Amino acid sequence: MLRFVGSFLLCLYAVAPLLSSLSAAEVITCSGIVPMTYRNDKISIADFGGVGDGRTLNTKAFREAIYRIEHLRRPGGTLLYIPPGVYLTESFNLTSHMTLYLARGAVIKATQDTSSWPLVAPLPSYGRGRELPGGRYLSFIHGDGLHDVVITGENGTIDGQGDVWWNMWRQRTLQYTRPNIIEFMNSKNIIISNVILQNSPFWNIHPVYCSNVVVRYVTILAPRDSPNTDGIDPDSSSNVCIEDSYISTGDDLVAVKSGWDQYGIAYGRRSSHITIRRVSGSSPFAGIAIGSETSGGVENVFAEHINLFNMGVGIHVKTNTGRGGFIRNLTFSNVYMENARKGIKIAGDVGDHPDDKFNPNALPIVKGITFNDVWGVGVIQAGLIRGLKNSPFTRVCLSNVNLHGTAELRTPSWQCSDVVGASRMVSPWPCTQLSSGQQIGSCSDY
């Protein structure tokens with residue numbers, strides 16, 4: 001333990017001068033919404049019988065250590081140290097005022113025994129499991145109703161061992177919705193930083209009904225063909241900061257959500273004030289996505305300095321009839337993409353429904369989407385914007401957007417319907433709905 005404390009402090013002292021030497025103009029960050037907490041009280045998983053041999057099941061050790069943190073309530077909270085080694089465990093719940101700290105070379109690995117995986121109720125804003133009716137499997141690392149929780153370290157790894165779950169999905173033998181690697185519900189003041197997540201059974205990081213969440217300096221990895229392995233999905237959450245991360249998965253790198261059809265409308269909790277900055281990665285789906293579950297509303301999303309490679313879609317705003325809600329005030333700035341099927345897609349016909357009880361007249365309102373300084377090479381189609389006839393998308397504004405590639409024959413550079421907006425310095429030249437002068441005044445506000 002003493003050697004760990006010494007090396008941890010050494011890292012802090014080494015990094016501090018580098019950070020202090022950088023001016024605010026050089027590093028813009030939103031991470032200050034949740035200050036990093038230093039814990040005076042420190043314990044090790046080894047103190048509770050944890051064995052990092054990759055074979056011993058450490059569920060009891062994790063649960064006892066966290067029980068100790070929860071019930072002793074040390075002033076300032078407690079740091080749970082995971083030494084180098086591979087720690088196999090079932091799912092476990094965190095508690096408030098704790099730091100889960102993974103040393104370099106530490107791996108927390110999920111068991112592949114799905115028969116003992118706990119079930120929990122569906123999210124009220126979804127009405128059922130996202131994949132199947134009924135409940136859902138508990139996330140591997142879970143927190144509900146918590147505050148002041150940190151998951152960090154020296155780039156240790158959390159491995160969901162998701163291949164057994166992916167195969168169940170492919171073979172259609174799943175009984176319930178697959179577990180995420182990390183989920184926080186009804187929680188606030190959460191930090192996830194300096195860790196590697198790999199092979200999630202389903203979504204990787206899922207803050208839902210949360211506020212004040214920072215995800216920074218994380219690496220998220222899953223095979224390109226792994227199903228639904230979204231990177232970071234803020235869901236009906238506010239004040240979320242996602243920065244300085246690399247994500248390469250089988251689905252959207254970042255997807256902002258807020259509930260599903262009539263259940264999300266009834267729950268009525270929006271996602272707002274989401275910042276996504278200096279994120280790079282690769283996916284067969286979207287780099288930055290909004291939706292398609294947006295029934296509680298999504299507003300005030302700002303994404304900048306995004307670098308995307310070998311993508312399905314660079315930026316994808318997606319919703320559907322029956323969703324209701326709103327999508328408004330989105331800004332995407334300084335985005336670079338290389339090799340993508342589509343650069344920009346905004347569509348009102350994407351996503352399935354939880355059941356047949358959705359209201360087809362519940363139409364989303366989509367307005368105020370701005371793209372500034374977007375550059376792409378190897379982009380097959382620059383843009384596809386497909387609004388809804390009875391709820392056209394408005395104030396779609398493009399400025400200095402250049403999306404080029406070897407266009408496939410019969411594929412127009414832009415396709416648009418039921419949308420109104422404006423553009424300047426866009427190449428290839430966009431569709432007429434975005435090139436008229438009537439909306440330039442309203443776009444200047446964005």
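Q: What makes up the lining of the second largest pocket by class, and how many residues are nonpolar, polar and charged?
A: In this predicted model, the lining of the second largest pocket has 15 charged, 11 nonpolar and 8 polar residues, where Asp, Glu, Lys and Arg are the residues that count as charged.

Q: Which residues are the closest to the centre of the second largest pocket, and what volume does this pocket have?
A: The second largest pocket has a volume of about 700 Å³, and of the 34 residues that line it, Arg130, Asn228, Asp251, Phe285 and Asp352 are the closest to its centre.

Q: Which elements each supply at least two residues of the lining of the second largest pocket, and which gives the largest share?
A: At least two lining residues come from each of α3 (163-170), β21 (271-290), β22 (298-318) and β23 (326-347), and the largest share, 4 residues, comes from β22.

Q: Why is Asp252 called buried?
A: The relative accessible area of Asp252 is 2%, and buried means under 20%, so Asp252 is buried.

Q: Where is Asp252 found, and which residues does it touch?
A: Asp252 is found in the loop between β19 (238-248) and β20 (254-256). Leaving aside residues up to four places away in sequence, Asp252 touches Asp230, Gly231, Ser283, Phe285, Ala286, Ala289 and Lys318.

Q: What makes the pair Asp252 and Lys318 a polar contact?
A: The side chains of Asp252 and Lys318 are joined at 2.8 Å, and the cut-off for a pair of N or O atoms is within 3.5 Å, so the pair meets the distance condition for a polar contact.

Q: How many helices and strands does the protein chain have, and how do you know whether it is as compact as a globular protein of that length?
A: The protein chain has 5 helices and 27 strands. Its radius of gyration is 22 Å, close to the 22 Å that the globule rule gives for 446 residues, so the chain is as compact as a globular protein of that length.

Q: What share of the residues in the protein chain is buried?
A: Buried residues make up 57% of the 446 residues in the protein chain.

Q: How many cavities of 30 Å³ or more does a search of the whole structure find, and what lines the largest cavity?
A: The search finds 1 cavity of 30 Å³ or more, and the largest cavity has a volume of about 130 Å³. The largest cavity is lined by 14 residues, with Leu123, Arg130, Arg136, Thr177 and Phe202 nearest its centre, and its lining divides into 6 nonpolar, 4 polar and 4 charged residues.

Note on methods
Residues numbered from 1 in each chain as written. Predicted model: local features only at pLDDT ≥ 70, side-chain atom pairs only at ≥ 80, totals over all residues. Heavy atoms only, no water. Buried < 20%, exposed > 50% of the residue type's maximum accessible area, 1.4 Å probe, protein only. Polar contact = N/O pair within 3.5 Å; in protein donor to acceptor, adjacent residues only side chain to side chain. Contact = heavy atoms within 4.5 Å. 1 Å grid on protein atoms, 1.4 Å probe; cavity = no way out; pocket = protein on both sides within 12 Å on 5 of 7 lines; lining within 4 Å. Points joined across faces, edges and corners; volume = space filled by probe spheres on them. Rg over C-alpha atoms; globule rule 2.2 N^0.38 Å.
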